[in-house]
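Welcome! Take a moment to turn the model around before reading on, and then let us walk through it together.

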Amino acid sequence: MTRVVVPVRYPLSKHSRATLESAIDIAKDRDAALTVLHVNLYQNGKRVSRADLKRATERAFGTVPYARYVVRRGFLVEETILDEVAAEEADVVVIGSKQVGRWRRMLQKVVDEPDIDDYLRRNLDCEVVTVEAE
C-alpha cells in the first residue's frame, strides 16, 4: 500500500491545515495510508499525544480513512521528520512551504544543497509535495 506522510504542528495552524488537507486528498486519490506526524521537542517540554492529534484532525476534517497518528520526540523537528519518513519508507511526503525553508536552512548547515526538494527526492526516494497556504 502506498504511504503518505504529513508533518503538522499542534494545535493545527493555518499552514498545517492546508498541508493536511492536501495530504488527505492525495491519500484518497491514491488509495494510500496516511501518517499524520507531530514532533514534540525535548527542549520545550510540551507534550502532545496521539489522541490529541487525532481529535484535532478529525475536528477539522472528519474521520480520515487509513490514517495513523504518530507523535515523535526529538531535538530537531526536521531531523525527526526525515527519520520518520525513512522508517516508514514513505512514497509521498507532503510538507508546507514554511517547512521547506526550515529544512533548507538546516540542510545547508550540513550539506551544500540549494534545492531541498531535489535533495529529499534523491535521499529519501519519495515524491515530495510542497503546499502553499493561502
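A contact here means heavy atoms within 4.5 Å. With that in mind, look at how the chain in this predicted model is held together: residues 24 or more positions apart account for 69% of the contacts with a separation of 6 or more.

**The overall layout**

You can count five helices and five strands in the chain. Following the sequence, they come in the pattern β-α-β-α-β-α-β-α-α-β. The chain has 134 residues, and 46% of them count as buried.

**Helix α1**

Start with α1, which covers residues 14-29. Its 16 residues reach 23 Å from the first C-alpha to the last, close to the 22 Å expected at 1.5 Å a residue. Which residues of α1 are buried? They are S16, A18, T19, L20, A23, I24, I26 and A27. An α-helix has 3.6 residues a turn, so residues three or four places apart point the same way. The cover over the buried residues of α1 includes the strands β1, β2, β4 and β5, together with helix α2. After α1 comes D31, whose phi is positive, near 50°.

**The largest pocket**

Next, look for the largest pocket, which has a volume of about 540 Å³. It is lined by 25 residues, and the closest to its centre are V8, R9, Y10, H38 and V77. Elements giving two or more residues to this lining are α1, β2, α3, β4 and α4. Among these, β2 gives the most, with five residues. The table shows how the lining divides by residue type.

| Type of lining residue | Number in the largest pocket |
|---|---|
| Nonpolar | ten residues |
| Polar | nine residues |

**A closer look at E127**

Finally, find E127, which sits in strand β5. Is E127 buried, partly exposed or exposed? E127 counts as partly exposed because its relative accessibility is 32%, and that class lies between the cut-offs of 20% and 50%. Leaving aside residues up to four places away in sequence, E127 touches R30, D91, V92 and V93. V94 is 33 residues from E127 in sequence, yet their C-alpha atoms are 8.5 Å apart in space.

Conventions:
Residues are numbered from 1 along each chain as its sequence is written. This is a predicted model: local features need pLDDT of at least 70, side-chain atom pairs count only at pLDDT 80 or more; totals for chains, interfaces and linings use all residues. Side-chain values use heavy atoms; hydrogens and water are left out. Helices (H or I, at least four residues) and strands (E, at least two) are DSSP runs, numbered from the N terminus. The expected span of a helix is 1.5 Å times one less than its number of residues. Buried means under 20% relative accessible area, exposed over 50%, partly exposed in between (1.4 Å probe, protein chains only). On a 1 Å grid over the protein atoms alone, a cavity is a set of points where a 1.4 Å probe fits but cannot get out, and a pocket is an open set with protein on both sides within 12 Å along at least five of seven lines; lining residues have an atom within 4 Å of a point. Grid points are joined across faces, edges and corners, and a volume is the space filled by probe spheres set on the points. Ala, Val, Leu, Ile, Met, Phe, Trp, Tyr, Cys and Pro count as nonpolar, Asp, Glu, Lys and Arg as charged, and the others, Gly among them, as polar.
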